[in-house]
Amino acid sequence: VHCYRAVLEKILVTRDKDLRHTILKSVAKAHQMSFKDYAIKATSNLKTEFASSDFDTPEVRKELDSWWEVVVYYTIRLALAPVLETVILLDRCVALLEAGHHNLLLPLFDPLLSPRNQILFAVKK
């Protein structure tokens with residue numbers, strides 16, 4: 001499904017740069033349908049008209065065949081996101097400390113509910 005969305009995004013941006021990151025219609029059970037069916041349903045709320053042949057070209061099939069690249073990208077992205085968020089929070093703690101403000105980074109709730117469970121307390125002098 002991530003590959004479907006990535007390929008559809010590429011098609012949309014090729015058609016019109018203003019369609020980048022456009023909100024598309026949610027498609028239930030997308031993993032059980034062809035890309036063409038998914039794309040037609042996902043773009044049904046857009047004002048731009050698409051022919052079903054727009055979604056069944058050799059270029060589109062080539063992009064869909066490289067689905068594993070999208071999976072690798074998303075896996076790395078998901079693995080590194082918590083590390084990056086922690087580095088950002090620690091950088092903010094150091095910046096506050098260098099400015100002379102005491103601060104404390106604490107977990108606010110169970111990290112199983114959300115990995116963004118940290119709160120940064122700082123005392124203004």
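This is a predicted model: local features need pLDDT of at least 70, side-chain atom pairs count only at pLDDT 80 or more; totals for chains, interfaces and linings use all residues.
Reader: What helices and strands does the protein chain have, and in what pattern along the sequence?
Author: The protein chain has four helices and two strands. Read along the sequence, the pattern is α-α-α-α-β-β.

Reader: Is the chain spread out or a compact globule?
Author: The protein chain is more spread out than a compact globule, because its radius of gyration is 21 Å, well over the 14 Å that the globule rule gives for 125 residues.

Reader: And what does the C-alpha trace span along its principal axes?
Author: The C-alpha trace of the protein chain spans about 65 × 25 × 25 Å.

Reader: Packing next. At what angle do helix 1 and helix 2 pack?
Author: Helix 1 and helix 2, which covers residues 35-42, pack at about 60°. Their axes are 11 Å apart, and the crossing is right-handed.

Reader: Which residues make that contact?
Author: Helix 1 brings Tyr4, Arg5, Val7, Leu8 and Ile11, and helix 2 brings Phe35, Tyr38, Ala39 and Ala42. By class, the contact of helix 1 with helix 2 has eight nonpolar residues, no polar ones and one charged.

Reader: How far apart are the axes of helix 1 and helix 3?
Author: The axes of helix 1 and helix 3 are 9 Å apart, and the angle is about 145°. Helix 1 and helix 3 also make a right-handed crossing.

Reader: What residues are in contact there?
Author: On helix 1 they are Cys3, Tyr4, Val7, Lys10 and Ile11, and on helix 3 they are Val60, Glu63 and Leu64. The contact of helix 1 with helix 3 divides into six nonpolar, no polar and two charged residues.

Reader: Switching to pockets. What volume does the largest pocket have?
Author: The largest pocket holds about 220 Å³ of space.

Reader: Which helix gives the most to its lining?
Author: Helix 4, residues 67-98, gives the most to the lining of the largest pocket, with five residues.

Reader: How does the lining of the largest pocket divide into nonpolar, polar and charged?
Author: The lining of the largest pocket has five nonpolar, three polar and two charged residues.

Reader: What about the second largest pocket, how many Å³?
Author: The second largest pocket has a volume of about 170 Å³.

Reader: Which helices supply at least two residues of its lining?
Author: Helix 1 (2-15) and helix 3 (58-65) each supply at least two residues of the lining of the second largest pocket. Helix 1 gives the most, with five.

Reader: Which residues line it, and of what classes?
Author: The second largest pocket is lined by Val7, Lys10, Ile11, Thr14, Arg15, Phe50, Asp54, Thr57, Glu59, Val60 and Glu63. In that lining, four residues are nonpolar, two are polar and five are charged.

Technical notes
Residues are numbered from 1 along each chain as its sequence is written. Side-chain values use heavy atoms; hydrogens and water are left out. On a 1 Å grid over the protein atoms alone, a cavity is a set of points where a 1.4 Å probe fits but cannot get out, and a pocket is an open set with protein on both sides within 12 Å along at least five of seven lines; lining residues have an atom within 4 Å of a point. Grid points are joined across faces, edges and corners, and a volume is the space filled by probe spheres set on the points. Ala, Val, Leu, Ile, Met, Phe, Trp, Tyr, Cys and Pro count as nonpolar, Asp, Glu, Lys and Arg as charged, and the others, Gly among them, as polar. Axes are lines fitted to C-alpha atoms, for helices over the stretch in contact, and angles run from 0 to 180 degrees between N-to-C directions. A crossing is left-handed if the near helix is turned anticlockwise from the far one by less than a right angle, and right-handed if clockwise. Contact means heavy atoms within 4.5 Å. The radius of gyration is taken over C-alpha atoms; the globule rule is 2.2 Å times the number of residues to the power 0.38.
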